[in-house]
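Hello,

Here is the structure we talked about handing over. My notes follow it.

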Amino acid sequence: MSPAEPAEPTGPPEAAEALPAVAPQLRELRRRASLTLEAAARTAGLSPAHLSRLETGQRQPSLPMLLALARVYGTTVSELLGETVAGRDAVVRAADMEPTRAGGWTYWQAGAPGRGMQALRVHVPYGAQGDIVRVHPGEEWLYVLGGRLRLRLGDAAHTLSPGDSAHFDSLTPHRIAAADRGGADLLFVHTLLQSPATALCLGGPTQGEPT
């Protein structure tokens with residue numbers, strides 16, 4: 001049975017303007033990984049129809065969805081978005097961190113590509129498409145910079161305030177959402193699994209959880 005297709009994104013208009021550059025890159029990286037549309041969609045937990053719409057620019061990918069596809073294709077979110085960062089310098093200057101919007105989320109690269117971990121500075125707006133449940137191999141660490149964050153780990157729900165952090169096994173079903181209408185800002189680090197065979201399941205928002 002095909003997974004339920006995600007709800008329409010609710011991100012800002014600026015995100016849609018970036019779609020033409022994202023769509024062909026998604027298609028090219030899938031072909032480079034020698035995956036059919038059906039195989040890539042199944043591994044990422046999407047329906048083939050939804051992935052097709054992402055590749056043609058008819059739908060806007062959320063950041064968690066981009067993370068899923070990056071793992072499936074053995075690459076980074078930066079490459080999916082067509083971004084290039086010169087070299088692998090240890091230091092990333094604030095002036096070089098260009099904001100990128102996806103699915104209503106805004107994030108900034110906080111580390112060099114091609115390493116075993118990917119670091120991001122993220123703004124999660126209230127009620128964004130990004131608050132979907134994820135399950136995948138690896139680890140994640142996050143630190144709340146501003147606002148309050150709702151973090152669901154398995155059956156446990158947590159509210160994190162500025163200064164709070166969380167470090168967890170990504171095989172635990174998890175969901176991240178802003179708790180306040182002003183959104184939340186966080187530092188986010190996850191392990192980058194360079195394997196096209198990596199399985200990751202995406203689902204809709206947890207039933208009964210407030211939005």
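**What was found**

The charged end of Arg121 lies over the Trp108 ring, 4.1 Å from the ring centre. The rule for a charge over a ring: NZ of Lys or CZ of Arg within 6 Å of the ring centre and within 35 degrees of the ring normal.

Some ground rules. This is a predicted model, with residues numbered from 1 along each chain as its sequence is written. Local features need pLDDT of at least 70, side-chain atom pairs count only at pLDDT 80 or more, totals for chains, interfaces and linings use all residues, and side-chain values use heavy atoms, with hydrogens and water left out.

**Aromatic pair**

The count comes to one aromatic pair. Trp141 and Tyr143 form it, stacked, at 6.3 Å centre to centre and 20° between the planes. Rings of Phe, Tyr and Trp (its six-membered ring) pair if their centres lie within 6.5 Å; planes under 30 degrees apart are stacked, over 60 edge-to-face, the rest tilted. Trp141 is partly exposed, at 30% relative accessible area. Tyr143 is partly exposed too, at 30%. The cut-offs: buried is under 20% relative accessible area, exposed over 50%, partly exposed in between (1.4 Å probe, protein chains only).

**Cavities**

The structure holds three cavities of 30 Å³ or more. A cavity here is a set of points on a 1 Å grid over the protein atoms alone where a 1.4 Å probe fits but cannot get out; lining residues have an atom within 4 Å of a point. The largest cavity has about 60 Å³ of space, a volume being the space filled by probe spheres set on the points, which are joined across faces, edges and corners. Its lining includes Trp105, Arg134, Ile176 and Phe188. By type, the lining residues are nine nonpolar, no polar and one charged. α5 gives the most, with three residues. Domain 1 (21–81) and domain 2 (94–191) both contribute to the lining, so the largest cavity lies between them. The domain bounds come from an automatic or database assignment.

**Helix α5**

Is α5 buried or exposed? 11 of its 11 residues are buried, so α5 is largely enclosed by the rest of the structure. Among them are Met65, Arg71 and Tyr73. Just after α5, Gly74 takes a positive phi of about 65°. Helices (H or I, at least four residues) and strands (E, at least two) are DSSP runs, numbered from the N terminus.

**Gly138**

Gly138 sits in the loop between β4 (134–135) and β5 (139–146). Gly138 is partly exposed, at 22% relative accessible area. Gly138 and Thr191 are 53 residues apart in sequence, yet 5.7 Å apart in space, C-alpha to C-alpha.

Best regards

Conventions. 1 Å grid on protein atoms, 1.4 Å probe; cavity = no way out; pocket = protein on both sides within 12 Å on 5 of 7 lines; lining within 4 Å. Nonpolar A, V, L, I, M, F, W, Y, C, P; charged D, E, K, R; others polar.
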